[in-house]
Structure formats: C-alpha cells, structure tokens
Amino acid sequence: MAFLDGIAVGWRDRWPSGFVAVANGFTSFGLGGWYLIPPLVLFVPANLLDWRALSRRWRMVAYNWTCFAFFVLSAAGLSGLTVTVLKHVFGRSRPVMDMGLFSFRPFAFDPYFASFPSGHATNVGMLAAVVFLLSPAWGKYVVLPLTMWIAATRIVVGAHYPSDTIAGFGLGIACTVGTALVFARLGFIFRQTAAGLPVRKKTFRLLATGRKPASSPPRMLYTEAASP
C-alpha cells in the first residue's frame, strides 16, 4: 500500500489529458450492471421455451445456456455482495479526499469512504475468471489484459489507489472460483480434478456444434422361402 499507492498519488495530476479521457471511456465497463443484467435476461427465453419440443441436441444447448447464466449471475452476485460489505467494513477514503493513504472510517456508509476494495475491479476480475475457467485461451490472451486495463483505469481517473484495484481484482477471481467449486460439486458446468480444482466439462457447449447423429438405415423385411 505505502509503496504503490504513494506512487499513484504522485502521478495523479501528471497523466496526459488524452490518456485520462481514454481511461474515462473504459472505466464504465466495470459497473455491475454489465454482468448482472445479461444473465437475468437469458432466463426469459429459458422459461418461454417448450423444452419437450426441442431435439436432444438443442435441449442440451438450452440447458447449458441456462447453467451459464446462473453461473455468471451467482459469481457476479457473490462478488458484488462481498465487495460492498468489505467497502463499509474498511471505510477507506478515496484519493480525491486527500486525507492520506491510511485514512479509514469503518462503517461510515459514505461513498467517499468506500475505496477499498474497488467494486469495478472486483467486477472485471470476476469476468476474467469466468472466461478463463470456460475458455483459457481467450481468458489468457484477450480478456485478462483487457480486464486488467479496465481495473487500472480506476487509478487513472482518481477513484481508487492501486491496492484497492489489486484487492478488488483478486476478490472477483476468488469469488468466481469459489462459485465454480460449488457448481462442480453439484455437477453443473464443471467437474473437480484430483486436486479439487474446477475444470469445464467436455459436454458443456454453448453452440450446437458437431454432426447430427446419423439415422439408422431402414430395416429390411426378409421372407423365408417355403421349404419344398
């Protein structure tokens, strides 16, 4: 805290204006609504579908999308609830207050004393963990750098210290992995390895890929010739 946060305070008024403008454009992607509303919307078609009229393959796709929506909603909800509680427990002042790195007012219930951990960083940490668990290649090379940048924008815009964003990002990952472990125990989306870690099941697919099973050939009717 003392090292990273002190550096950030010194740089707060030195960021180029264009860089700050870009950061302001990206920082809103850390809001919780981006990750709570879409999974809730996905439940609407899931409840309107006539599952009995679907083929086995499309029924499996609909089932996987429903499980996916419930997983994202659970991870986002747990992350959001946890970070909200911790914000009020610590009550750390934001950088804009200029009250020092270690100014805390526990249970102040004031947005200016809700800096640690960062809620935006928690949300994008949750997103990074979701993608990494379901698609490691996309998570490692695309989503992880992007979410880390969104978390860092909170420092650039002056809303948080670096320690706030690091703690929030880690909190989002931890809550998501914990949610995945629960899902693995229940047999949804994930399975548990020998080490107890959640790994995506091979049967979990969000697209109807693969060939349609070939239909069996028509049965031939044979008649035996009458014996002489």
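**Architecture, pocket and selected residues of the predicted model**

From the N terminus on, the elements of the chain follow the order α-α-α-α-α-α-α-β-β. In this predicted model, the chain thus carries seven helices and two strands. The radius of gyration is 25 Å, whereas the globule rule gives 17 Å for 228 residues, so the chain is more spread out than a compact globule. The C-alpha trace tells how far the chain reaches along its principal axes, with spans of about 110 × 40 × 35 Å. Of the 228 residues, 35% count as buried. Among contacts with a separation of 6 or more, 66% are accounted for by residues 24 or more positions apart.

The average pLDDT of the chain is 88, and 91% of the residues score at least 70. Residues 213–228 call for separate mention: pLDDT stays under 50 there, and the model has zero contacts beyond four places in sequence for this stretch.

The largest pocket holds about 370 Å³ of space. Two or more residues of its lining come from each of helix 3 (33–48), helix 4, helix 5 (119–134) and helix 6 (136–156). Helix 3 gives the most, contributing five residues to the lining. In total, 19 residues line this pocket, and those nearest its centre are Phe-68, Val-130, Val-131, Leu-134 and Leu-206. By class, the lining of the largest pocket consists of 16 nonpolar residues, one polar residue and two charged residues.

A search of the whole structure also finds one cavity of 30 Å³ or more. The volume of the largest cavity is about 50 Å³. Its lining is made up of Ala-8, Val-9, Arg-12, Pro-95, Ile-155, Gly-158, His-160 and Tyr-161. Sorted by class, the lining of this cavity has five nonpolar residues, two polar residues and one charged residue.

With a relative accessible area of 30%, Arg-57 is partly exposed. Arg-57 and Gly-32 are 25 residues apart along the chain, and their C-alpha atoms are separated by 33 Å.

Leaving aside residues up to four places away in sequence, Asn-64 touches Thr-203, Phe-204, Arg-205 and Leu-206. One of these partners, Leu-206, is also among the residues nearest the centre of the largest pocket. Asn-64 and Ile-189 are 125 residues apart in sequence, while their C-alpha atoms are 7.5 Å apart in space.

Ser-163 lies in helix 7, which comprises residues 162–186. Its relative accessible area is 13%, again under 20%, and Ser-163 is therefore buried. When residues up to four places away in sequence are not counted, Ser-163 touches Met-1, Asp-5, Arg-92 and Phe-116.

Technical notes: Residues numbered from 1 in each chain as written. Predicted model: local features only at pLDDT ≥ 70, side-chain atom pairs only at ≥ 80, totals over all residues. Heavy atoms only, no water. Buried < 20%, exposed > 50% of the residue type's maximum accessible area, 1.4 Å probe, protein only. Helix = DSSP H or I, 4+ residues; strand = E, 2+ residues; numbered from the N terminus. Contact = heavy atoms within 4.5 Å. 1 Å grid on protein atoms, 1.4 Å probe; cavity = no way out; pocket = protein on both sides within 12 Å on 5 of 7 lines; lining within 4 Å. Points joined across faces, edges and corners; volume = space filled by probe spheres on them. Nonpolar A, V, L, I, M, F, W, Y, C, P; charged D, E, K, R; others polar. pLDDT = per-residue confidence, 0-100. Rg over C-alpha atoms; globule rule 2.2 N^0.38 Å.
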